[in-house]
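Dear colleague,

I am handing over the structure below, and after it I set out what was found. Please read the notes with the model open beside them.

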Amino acid sequence: MSNVSFKGKHMWVGLVSEKQHESLVELLCEVHAYYNNGSVISQDMVREHLFENLLSEKSPHHLIVATNDDGKVVGLAAITLVYSLVDFAVDQRKHCQLKELFVSSSARSQGVGKSLMSWMARFAYDKGCRRIDWPVRTWNERGISFYERLGAKRVEDRISYRLSDPCVSELAFEANPSFDAGDQGRRST
């Protein structure tokens with residue numbers, strides 16, 4: 001973890017540790033409420049998802065947290081390091097995908113977001129990444145302004161798509177109803 005100071009306040013930024021898990025559960029509940037019109041979710045459900053999925057050995061994510069002097073998690077960046085399928089040059093082939101950047105409402109405008117982005121950039125750079133990509137909601141004007149102040153550029157030639165159920169299940173069983181996900185070597189016909 002790195003010790004960071006901003007406007008006389010101290011925070012620590014780094015990969016989430018075991019002692020921060022319960023505080024991270026609380027922040028993830030706040031994330032849920034933020035994106036779901038104030039909807040409340042059970043801490044038990046969030047805790048289960050954190051341990052069984054986000055922190056599992058099979059998870060592709062790295063969870064970076066910022067904590068205040070009291071050890072409370074006040075910010076989160078979830079990233080994945082990926083290899084390009086179209087850029088093969090050594091300095092282009094690996095990049096960082098930011099899945100989520102969230103700062104608790106009580107800690108905004110205190111340098112938490114910038115500290116998380118800075119720590120993430122160094123982590124990604126040290127792992128060979130020379131690019132960071134992420135989506136942002138069109139209504140998140142404050143976030144867009146923040147990213148642009150960092151020097152990020154809007155990717156004008158990309159838009160985002162989402163396929164959800166029932167369309168996912170319809171598509172999944174349309175062409176190949178006997179597909180076995182355990183059969184990794186199977187070819188499409």
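Strand β2 (residues 9–15) is joined to β3 by 4 bridges, and the two strands run antiparallel; strands are taken to pair if DSSP finds at least two bridges between them, while helices (H or I, at least four residues) and strands (E, at least two) are DSSP runs, numbered from the N terminus. Gly14 has Val65 in β3 as its bridge partner. The hairpin of β3 and β4 has 5 residues between the strands, and in it Gly71 takes a positive phi near 85 degrees. Of the 6 residues of β3 (residues 62–67), 5 are buried, so the strand is largely enclosed by the rest of the structure; buried means under 20% relative accessible area, exposed over 50%, and partly exposed in between, with a 1.4 Å probe and protein chains only.

Before going further, please note that this is a predicted model, in which local features need pLDDT of at least 70 and side-chain atom pairs count only at pLDDT 80 or more, whereas totals for chains, interfaces and linings use all residues. Residues are numbered from 1 along each chain as its sequence is written, and side-chain values use heavy atoms, with hydrogens and water left out.

For the chain as a whole, there are 5 helices and 6 strands, which follow the pattern β-β-α-α-β-β-β-α-β-α-α along the sequence. The chain has 189 residues, of which 31% are buried. If one takes the contacts (heavy atoms within 4.5 Å) between residues at least 6 apart in sequence, 56% of them join residues at least 24 apart. The chain exposes about 13300 Å², with carbon and sulfur atoms supplying 51% of that area, as computed by the Shrake-Rupley method with a 1.4 Å probe, where for residues only the protein chains shown count as cover.

Just after the helix, Gly151 takes a positive phi of about 105 degrees.

Turning to the rings, those of Phe, Tyr and Trp (its six-membered ring) pair if their centres lie within 6.5 Å, and planes under 30 degrees apart count as stacked, over 60 as edge-to-face and the rest as tilted. By this rule the count comes to 6 aromatic pairs. One of them is the tilted pair of Tyr34 and Trp139, at 5.8 Å centre to centre and with 50 degrees between the planes. This pair links distant parts of the chain, since Tyr34 is in helix α1 (residues 21–35) and Trp139 is in the loop between β6 (132–133) and α4 (141–150), 105 residues apart. Tyr34 is partly exposed at 32% relative accessible area, and Trp139 is likewise partly exposed at 47%. Trp119 and Phe123 form a stacked pair, 5.5 Å centre to centre with 15 degrees between the planes; they are 4 residues apart in helix α3 (residues 112–126), and so are separated by about one helical turn. Both Trp119 and Phe123 are buried. Ring pairs also link Tyr34, Tyr35, Phe102 and Trp139 into a cluster.

A charge sits over a ring if NZ of Lys or CZ of Arg is within 6 Å of the ring centre and within 35 degrees of the ring normal. The charged end of Arg108 sits in this way over Phe102, 5.3 Å from the ring centre, and that of Arg130 over Tyr125, 3.6 Å from the ring centre.

Some backbone values remain. Most residues other than glycine have a negative phi, and most peptide bonds are trans. Asn37, however, has a positive phi near 50 degrees; Asn37 lies in the loop between α1 and α2 (43–54). The peptide bond from Asp165 to Pro166 is cis, with omega near 15 degrees, and Pro166 is placed in the loop between α4 and α5 (167–174).

With best wishes
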